[in-house]
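Take a look at the chain below.

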Amino acid sequence: MPKKTFFSLPEKKRNTVIEASKKEFSRVPLANALVANIIIDAKIPRGSFYQYFEDIEDCFYFIVDEYSKEIKTRLIMNIKDFNGDLIKSYHSLFLYILDMMEEEKNKDYFENLFLNMNHRVQKMFTPNFNDGLNNIISMVDISKLNIQGKHQIGYVIDIIESLMIHNIVETYNRHVPKDKKIEIFERELILVSKGIVK
């Protein structure tokens, strides 16, 4: 995570550094990203970058975490709005992420992120005990699920999130149109909802 110095910056300067970083991570994946491009675009000295972040990876994962928090907050809102219906909540979340991905400012960033996704990035998008998985589990209406107890909700979440992330990655790999992406995800959610064994 960024150093204290970064959070002490005036908001405008902090946003300038964030936007310059997003621009670089939109241009290329993390493995090819350069601090030099970020500091030129943000108009800061190289030394300042290292006063804000440990290294370019630290900067990258901070930005991923910001998006991740937004998505997890949206999931919690969905679960409340859909009265604990996990399937409807994730369906709505998928549509929300697709809309985010299509915003002009996010297109290249998300393409680089999802096509070069590693285990650490994937875990950042998945609710865990550090950011309130127990809270999410307590909000889910278990009567709408064919499971034996609340302890199994975590498994259901893992399955749905795996489907969602797979569909997002395939969006970029196969250049699937938005309506087709939604159709495929809906079909997979139906299979998860009904089960696959007679």
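This report goes from the whole chain down to single residues.

**The whole chain**

The model is predicted. The chain has 198 residues, and 46% of them count as buried. It holds 11 helices and zero strands. Read from the N terminus on, the elements are therefore simply α-α-α-α-α-α-α-α-α-α-α. The C-alpha trace spans about 65 × 35 × 25 Å along its principal axes.

Helix α2 covers residues 11-27, and helix α5 covers residues 56-81. Their axes lie 10 Å apart. The packing angle is about 100 degrees. Angles of 65 to 115 degrees count as roughly perpendicular, so α2 and α5 are roughly perpendicular to each other.

Which residues make the contact between α2 and α5? The table lists them by helix.

| Helix | Residues in the contact |
|---|---|
| α2 | Ile-18, Ser-21, Lys-22, Phe-25 |
| α5 | Ile-56, Cys-59, Phe-60, Phe-62, Ile-63, Tyr-67 |

By class, this contact of α2 with α5 has eight nonpolar, one polar and one charged residues.

In soluble globular proteins, nonpolar side chains tend to be buried together. The largest nonpolar core in this model has 64 residues. Helix α5 gives the most to this core, with 12 residues. Which members touch the most other members? They are Phe-25, Leu-86, Phe-110 and Leu-113.

Phe-25 also belongs to the contact of α2 with α5. Leave out residues up to four places away in sequence, and Phe-25 still touches Leu-30, Ala-33, Ile-38, Ile-56, Cys-59, Phe-60, Ile-63, Tyr-109 and Asn-112. Among these, Ile-56, Cys-59, Phe-60 and Ile-63 are on the α5 side of the helix contact.

**A loop residue: Asp-141**

Where is Asp-141 found? Asp-141 sits in the loop between α9 (133-139) and α10 (153-174). Is Asp-141 buried or partly exposed? Its relative accessible area is 23%. Buried means under 20%, and exposed means over 50%. Asp-141 falls in between, so it is partly exposed.

The side chain of Asp-141 has a polar contact of 2.6 Å with the side chain of Ser-143. Leaving aside neighbours within four places in sequence, Asp-141 is in contact with Asn-83 and Gly-84. Asp-85 is 56 residues from Asp-141 along the chain. Yet the C-alpha atoms of Asp-141 and Asp-85 are separated by 6.0 Å.

Definitions and conventions. Residues numbered from 1 in each chain as written. Predicted model: local features only at pLDDT ≥ 70, side-chain atom pairs only at ≥ 80, totals over all residues. Heavy atoms only, no water. Helix = DSSP H or I, 4+ residues; strand = E, 2+ residues; numbered from the N terminus. Buried < 20%, exposed > 50% of the residue type's maximum accessible area, 1.4 Å probe, protein only. Contact = heavy atoms within 4.5 Å. Polar contact = N/O pair within 3.5 Å; in protein donor to acceptor, adjacent residues only side chain to side chain. Axes fitted to C-alpha atoms, helices over the stretch in contact; angles between N-to-C directions. Parallel < 35°, antiparallel > 145°, perpendicular 65-115°, else oblique. Nonpolar A, V, L, I, M, F, W, Y, C, P; charged D, E, K, R; others polar. Core = buried A, V, L, I, M, F, W, Y, C linked by side-chain atoms within 4.5 Å.
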